[in-house]
Each structure stands twice: as structure tokens, then as C-alpha cells.
Amino acid sequence: MSDPAPQPKLLYCRCAYAQVVPTSIKDGVLAKLCESGVGFESVADLCEMAAHRDGRLKAFAQTTPIRIAACYPRVVRGLFRQSDVPLPEEGVEILNMRAQSIDEVTEGMLKS
């Protein structure tokens with residue numbers, strides 16, 4: 001009998017400085033994540049972290065499986081590459097708060 005797959009780390013980006021995700025979507029996703037009772041990590045802005053080459057990006061890139069609620073997947077992957085800590089191809093799921101609804105992002109983050 002094999003061990004069950006590990007629960008993914010959940011990472012929520014507030015997109016506080018880039019201002020590219022509508023506030024209503026960011027607030028809605030954050031509220032639903034909080035209501036779920038599931039543990040997650042929230043960061044102010046992945047773009048700013050990449051600009052400053054924040055060391056936490058390396059830890060996130062090495063933590064799989066991981067689900068990230070932010071913006072376009074290509075942008076998120078680019079931010080990690082820019083910081084010389086590319087996300088692996090496997091074990092990473094990026095939910096797009098710019099293009100998906102609150103429910104779509106939340107359900108994607110919280111699925112089993």
C-alpha cells in the first residue's frame with residue numbers, strides 16, 4: 001500500500017504593489033481561504049519579492065507540491081526564473097486571479 005500524496009503547500013499572493021488583480025477578487029479569495037480553516041501562506045507581492053530576490057522564493061520553489069494563487073502562470077514562473085530559482089515543471093499549480101473567478105481560484109486551491 002502506497003503512502004497518500006502529500007498535501008500541497010498553499011501560497012496566496014496579495015498583489016499589493018502591482019495592483020493588477022481586482023481588489024474584489026483578492027479579497028474574496030482571501031476570505032474563502034481563511035474561512036476554510038486550511039493552512040496557507042500569504043505574501044504581500046511576488047513581483048516585489050522577485051525584484052528584491054527575496055530568499056523565501058527559493059524555499060517556495062523547493063516546496064512541492066505547491067499551489068499558488070496569483071496572476072498569469074507564465075508571469076509567476078518568470079518571477080521565479082528572474083530570481084534564479086525556477087519553479088519545477090511538476091508539482092506546481094498556479095491559479096490566476098486575473099482571469100478566474102473567486103470560486104474557481106478557491107476551489108482550485110482547496111481541492112483534495
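Q: Which residue in β2 does Y12 stand opposite, and how is such a pairing to be read?

A: The general idea is that strands of a sheet pair through backbone hydrogen bonds, either parallel or antiparallel. In this predicted model, Y12 stands opposite S42 in β2. Strands β1 and β2 (residues 41-43) run parallel and are joined by three bridges.

Q: Through which helix does the chain cross from β1 to β2, and what is the handedness of the crossover?

A: The path from β1 to β2 leads through helix α1 (residues 23-36), and this β-α-β crossover is right-handed.

Q: In what order do the four strands of the open sheet lie?

A: The order is β2-β1-β3-β4, with parallel pairing. The edge strands are β2 and β4 (92-96), each of which pairs on one side only. From one strand to the next, the twist averages 20°.

Q: How many bridges link β1 with β3, and how many link β3 with β4?

A: Strand β1 pairs with β3 (residues 66-70) in the parallel sense over four bridges; K9 has I66 in β3 as its bridge partner. The parallel pairing of β3 with β4 extends over five bridges, and the partner of A69 in β4 is L95.

Q: Why is strand β1 described as largely enclosed by the rest of the structure?

A: The reasoning rests on accessibility, a residue being buried if its relative accessible area is under 20%. Strand β1 (residues 9-13) has four of its five residues buried, and it is therefore largely enclosed by the rest of the structure.

Q: Which strands does helix α4 lie across?

A: Helix α4 (residues 73-82) lies across β3 and β4, and it runs at about 125° to β4.

Q: At what angle do α1 and α5 pack, and how far apart are their axes?

A: Helices α1 and α5 (residues 102-110) pack at an angle of about 35°, and their axes are 9 Å apart. The crossing of α1 with α5 is right-handed. On the α1 side the contact is made by S24, I25, G28, V29, K32, L33 and S36, and on the α5 side by I102, D103, V105, T106, M109 and L110. Sorted by class, this contact has seven nonpolar, four polar and two charged residues.

Q: Which peptide bond is cis?

A: The bond that joins T64 and P65 is a cis peptide bond, with omega at about 0°. Residue P65 is found in the loop between α3 (56-61) and β3.

Q: What is the phi value of R53, and what is that of D84?

A: Phi of R53 is near 50°, a positive value in a residue other than glycine. Residue R53 is found in the loop between α2 (46-51) and α3, and at 48% relative accessibility R53 counts as partly exposed. Phi of D84 is near 65°, again a positive value in a residue other than glycine. Residue D84 lies in the loop between α4 and β4; at 59% relative accessibility, D84 counts as exposed.

How values were computed: Residues are numbered from 1 along each chain as its sequence is written. This is a predicted model: local features need pLDDT of at least 70, side-chain atom pairs count only at pLDDT 80 or more; totals for chains, interfaces and linings use all residues. Side-chain values use heavy atoms; hydrogens and water are left out. Buried means under 20% relative accessible area, exposed over 50%, partly exposed in between (1.4 Å probe, protein chains only). Helices (H or I, at least four residues) and strands (E, at least two) are DSSP runs, numbered from the N terminus. Two strands pair if DSSP finds at least two bridges between them. A crossover is right-handed if, with the strands pointing away from the viewer, the path from the first strand over the helix to the second runs clockwise. Axes are lines fitted to C-alpha atoms, for helices over the stretch in contact, and angles run from 0 to 180 degrees between N-to-C directions. Contact means heavy atoms within 4.5 Å. A crossing is left-handed if the near helix is turned anticlockwise from the far one by less than a right angle, and right-handed if clockwise. Ala, Val, Leu, Ile, Met, Phe, Trp, Tyr, Cys and Pro count as nonpolar, Asp, Glu, Lys and Arg as charged, and the others, Gly among them, as polar.
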